[in-house]
Amino acid sequence: MHSASVTPDGSRIRWVEIPGTEPARVYLHGLGASSAPYYTEAIAHPALTGHRSLLMDLLGFGISDRPAHVAYTLDMHADLLAHALDQAAVKDADVIAHSAGGAVAVLLAARHPGLVRRLVLVDPALDALETLPTTKRPGSSGIGVYHTEQEFLDHGWDETMAFVGPEWAATMRLAGREALYRTAMSLLRGTTPGVREEMERLAAPCTVLYPAADGPRFDADRLAAAGVAAVAIPDCGHNIMVDNPARFALAVTAALAGHPG
């Protein structure tokens, strides 16, 4: 385990690191998740071994510290991650990021371009919602039905843990409750400029992986116009690296080589 102090009070981001050749590969988890449990099987695939790999947990999640007093906006996550990567002597890295982590990865590349060589976004969260949800669903939309943080702390945490099921709850229970709520609300409300708009302006090459079962992407033309490759992965749901680690590994390897399928 490695760590870096990223806030004035000394709160630390932690990660599991596997030694190897540069450029480094940085793996980021989604909302309520942790990178090592989600990525380990996939990065053990021969296609992905051999590179220095950092399976990082954002502040507030997984094995990282969970201070209650920080804002946990997407911009903040990107800046604190950059601070940790600087301390880890990482630059010009390949960043592979899932779901909410994909939004953080885009902002990392936009705000700290020297840290990111290429991006692979795994079924990423790119768009804010125009209105907050009114019915529970998995992910940030389900958390967004609690329109105040106190509602979430009073009863939403327990309801969310029961709703997401035992596998997701296994890592979600490691998250700080304030971190989970504030990060989810930042995803729902978006950033200025928006994550998608920032992605479309990036100099770093970007590939989006998505489940083939979802059918054609609604934004396929817009992604293509921005030079973002979109690659459908078969036999998986939202957690592509867990559901089909072999195809995930091959797709990431192709994307990082500049030949997305």
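**Aromatic cluster and helix packing in the predicted model**

Y146, F152, W157 and Y181 make up one aromatic cluster in this structure, which is a predicted model. Across the whole structure, the search returned five aromatic pairs. One of these pairs joins F152 to W157, two members of the cluster. The ring centres of F152 and W157 lie 6.4 Å apart, and their planes stand at 85 degrees, an edge-to-face arrangement. F152 has a relative accessibility of 0% and therefore counts as buried. W157 is likewise buried, because its relative accessible area of 7% falls under the 20% cut-off.

A ring is also involved in an interaction with a charged side chain. The charged end of R217 is placed over the ring of Y210, at 5.5 Å from the ring centre.

Packing between helices was examined for α1 and α11. Helix α1 spans residues 35–43 and helix α11 spans residues 245–256. The axes of the two helices come within 8 Å and cross at roughly 75 degrees. This angle lies in the range of 65 to 115 degrees, so α1 and α11 are roughly perpendicular to each other. The contact is formed by Y39, E41 and A42 on the α1 side and by P245, F248 and A249 on the α11 side. By class, five residues of this contact are nonpolar and one is charged, with no polar residues.

Key
Residues are numbered from 1 along each chain as its sequence is written. This is a predicted model: local features need pLDDT of at least 70, side-chain atom pairs count only at pLDDT 80 or more; totals for chains, interfaces and linings use all residues. Side-chain values use heavy atoms; hydrogens and water are left out. Axes are lines fitted to C-alpha atoms, for helices over the stretch in contact, and angles run from 0 to 180 degrees between N-to-C directions. Helices (H or I, at least four residues) and strands (E, at least two) are DSSP runs, numbered from the N terminus. Angles under 35 degrees count as roughly parallel, over 145 as roughly antiparallel, 65 to 115 as roughly perpendicular and the rest as oblique. Contact means heavy atoms within 4.5 Å. Ala, Val, Leu, Ile, Met, Phe, Trp, Tyr, Cys and Pro count as nonpolar, Asp, Glu, Lys and Arg as charged, and the others, Gly among them, as polar. Rings of Phe, Tyr and Trp (its six-membered ring) pair if their centres lie within 6.5 Å; planes under 30 degrees apart count as stacked, over 60 as edge-to-face and the rest as tilted. Buried means under 20% relative accessible area, exposed over 50%, partly exposed in between (1.4 Å probe, protein chains only). A charge sits over a ring if NZ of Lys or CZ of Arg is within 6 Å of the ring centre and within 35 degrees of the ring normal.
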